[in-house]
Amino acid sequence: MNSISALTSTSYSSYWAKAISFEEYVKEFREVLEHENSLPAEHRSEYFAYTEMNLQRLNRSTKTFQVREDLMETLLALSTGYKFLVISEYWCGDAAQIVGQLAKIAEMSGGKIQIKFVFRDQNPELMDEHLTSGSRSIPMVILLDVHYSPVCTWGPRPAEAQELVKRLKANPETTKTYAEHLHKWYAQNKGEALQDEWVALLKSLPTL
């Protein structure tokens with residue numbers, strides 16, 4: 001768990017106030033993709049191909065994800081509420097695999113968890129307080145308490161996937177195709193590693 005940040009609870013409260021719900025996130029995702037589709041190929045963003053595939057990934061991961069009983073019990077045992085402030089972008093493949101699962105965890109928490117989203121490239125000061133080895137890696141979940149103070153962070157992917165990426169990038173034979181292997185891992189794991197980590201993280205909170 002990491003809780004180091006130079007931002008105040010007032011700053012996090014402001015970010016939360018301007019953040020959007022998961023429903024708004026998905027709606028805007030579709031609108032962005034529809035707009036890009038309407039443009040000539042030469043005027044589409046460099047991320048268009050990723051964004052198009054990521055909507056499919058988001059829909060699939062959200063639809064198939066089921067919150068396990070042990071995570072449900074952990075969520076319902078929380079003695080106070082928390083907020084998931086998620087830093088994301090539509091072009092991010094990891095975000096496409098993960099954010100719908102996080103939203104379902106919040107949905108199944110019985111009101112113990114609220115979730116909202118902000119965009120990395122629109123909020124560089126927030127992102128730069130929550131780097132991963134100096135990188136603006138996303139998605140990044142900032143867990144806030146009821147006073148909007150950061151408790152810890154989680155991201156940008158489960159530790160098992162993070163180690164897989166490091167290993168693949170270190171090998172010249174797989175460094176260019178690491179994303180293909182990573183998304184195969186997501187498809188096979190079905191959110192199990194993510195749930196393992198959130199059970200452990202939530203149980204470690206002092207208010208549980």
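Modeller: This is a predicted model. We can begin with two helices, α5 and α8.

Biologist: Why are α5 and α8 called roughly parallel?

Modeller: Their axes cross at roughly 10 degrees. Angles under 35 degrees count as roughly parallel, so α5 and α8 get that label. The axes come within 10 Å.

Biologist: Which residues make the contact between α5 and α8?

Modeller: On α5 they are G93, D94, Q97 and I98, and on α8 they are L182, H183 and Y186. By class, this contact has 3 nonpolar, 3 polar and 1 charged residues.

Biologist: What makes Q162 count as buried or exposed?

Modeller: The relative accessibility of Q162 is 17%. Buried means under 20%, so Q162 counts as buried. Q162 lies in helix α7, residues 159-170.

Biologist: How do you know that the side chains of Q162 and R157 make a polar contact?

Modeller: The value for this pair is 2.5 Å, and the cut-off is within 3.5 Å. Leaving aside neighbours within four places in sequence, Q162 is in contact with T132, P156 and R157.

Biologist: What span is expected for helix α3, and what does the model give?

Modeller: Helix α3, residues 48-64, has 17 residues.

Biologist: Which helices do the buried residues of α3 pack against?

Modeller: They pack against α2, α5 and α8. The buried residues of α3 include F48, L55 and L58.

Conventions
Residues are numbered from 1 along each chain as its sequence is written. This is a predicted model: local features need pLDDT of at least 70, side-chain atom pairs count only at pLDDT 80 or more; totals for chains, interfaces and linings use all residues. Side-chain values use heavy atoms; hydrogens and water are left out. Helices (H or I, at least four residues) and strands (E, at least two) are DSSP runs, numbered from the N terminus. Buried means under 20% relative accessible area, exposed over 50%, partly exposed in between (1.4 Å probe, protein chains only). A polar contact is a pair of N or O atoms within 3.5 Å; within protein, one must be able to donate a hydrogen and the other to accept it, and residues adjacent in sequence count only if both atoms are side-chain atoms. Contact means heavy atoms within 4.5 Å. The expected span of a helix is 1.5 Å times one less than its number of residues. Axes are lines fitted to C-alpha atoms, for helices over the stretch in contact, and angles run from 0 to 180 degrees between N-to-C directions. Angles under 35 degrees count as roughly parallel, over 145 as roughly antiparallel, 65 to 115 as roughly perpendicular and the rest as oblique. Ala, Val, Leu, Ile, Met, Phe, Trp, Tyr, Cys and Pro count as nonpolar, Asp, Glu, Lys and Arg as charged, and the others, Gly among them, as polar.
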